[in-house]
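Welcome! Please take a look at the model below, and then we will walk through it together.

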Amino acid sequence: MNTHKTYTLQEATAKMMKFCAYRERCHKEIEQKLIEMHMIPEARQEIIYKLITDDFLNEERFAKSFARGKFNIKKWGKVRIKRELKLREISQFNINSALKEISEKDYLQTFHQLAEKRWNFIKEKSIIKKEKKLADYLFYRGWESHLVYEKIHELASSN
């Protein structure tokens, strides 16, 4: 027998308001949570509408907060941030808006610091292997290939 807690529309709405108040959420996360709560599609639609009208759910605000956080805390590049926002079904408009939150000066400064720190951390005798390890590391974090290759060239030629 399938025993799962059932929620009234009011209980589910209150629970989702708390969920959104804790940190910014995207529509996809809310939809997923409501599905896990076994809410019917009509109820899910109504709850999401209420969350949007009461400003608990705002996709642009989510995207901006996500981009700032992943850049400042995890040192992700724009490629990775964009990919992760697309996975969360964020619109291209909101993705572009979110990426504008990161200043070009901070972006490049962070990239150079991250690359140099990692370069010095990699203990590899072969310069080719060291370059590959650095490239893999930076690509995984979503930095643009032209930045990565220019930096590797710069670091390798200074050795």
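A residue counts as buried when its relative accessible area is under 20%, and as exposed when it is over 50%. Keep in mind that this is a predicted model. Glu84 has a relative accessible area of 14%, so it is buried. You will find Glu84 in helix α5, which covers residues 78–87. Beyond its neighbours within four places in sequence, Glu84 is in contact with Phe66 and Trp76.

Next come the charged pairs. Side chains of opposite charge can pair when their charged atoms come close. The count comes to 16 salt bridges, and three of them are set out here:

| Salt bridge | N to O distance |
|---|---|
| Asp54 and Lys50 | 2.7 Å |
| Arg61 and Asp55 | 3.0 Å |
| Glu116 and Lys151 | 2.5 Å |

Glu116 sits in helix α7 and Lys151 in helix α9, so this pair ties together parts that are 35 residues apart in sequence. Where do the two partners stand in accessibility? Glu116 is partly exposed at 33% relative accessibility, whereas Lys151 is buried at 2%. Elsewhere, salt bridges with shared partners join Arg23, Arg25 and Glu29 into one network.

Key:
Residues are numbered from 1 along each chain as its sequence is written. This is a predicted model: local features need pLDDT of at least 70, side-chain atom pairs count only at pLDDT 80 or more; totals for chains, interfaces and linings use all residues. Side-chain values use heavy atoms; hydrogens and water are left out. Helices (H or I, at least four residues) and strands (E, at least two) are DSSP runs, numbered from the N terminus. Buried means under 20% relative accessible area, exposed over 50%, partly exposed in between (1.4 Å probe, protein chains only). Contact means heavy atoms within 4.5 Å. A salt bridge is a side-chain nitrogen of Lys or Arg within 4 Å of a carboxyl oxygen of Asp or Glu.
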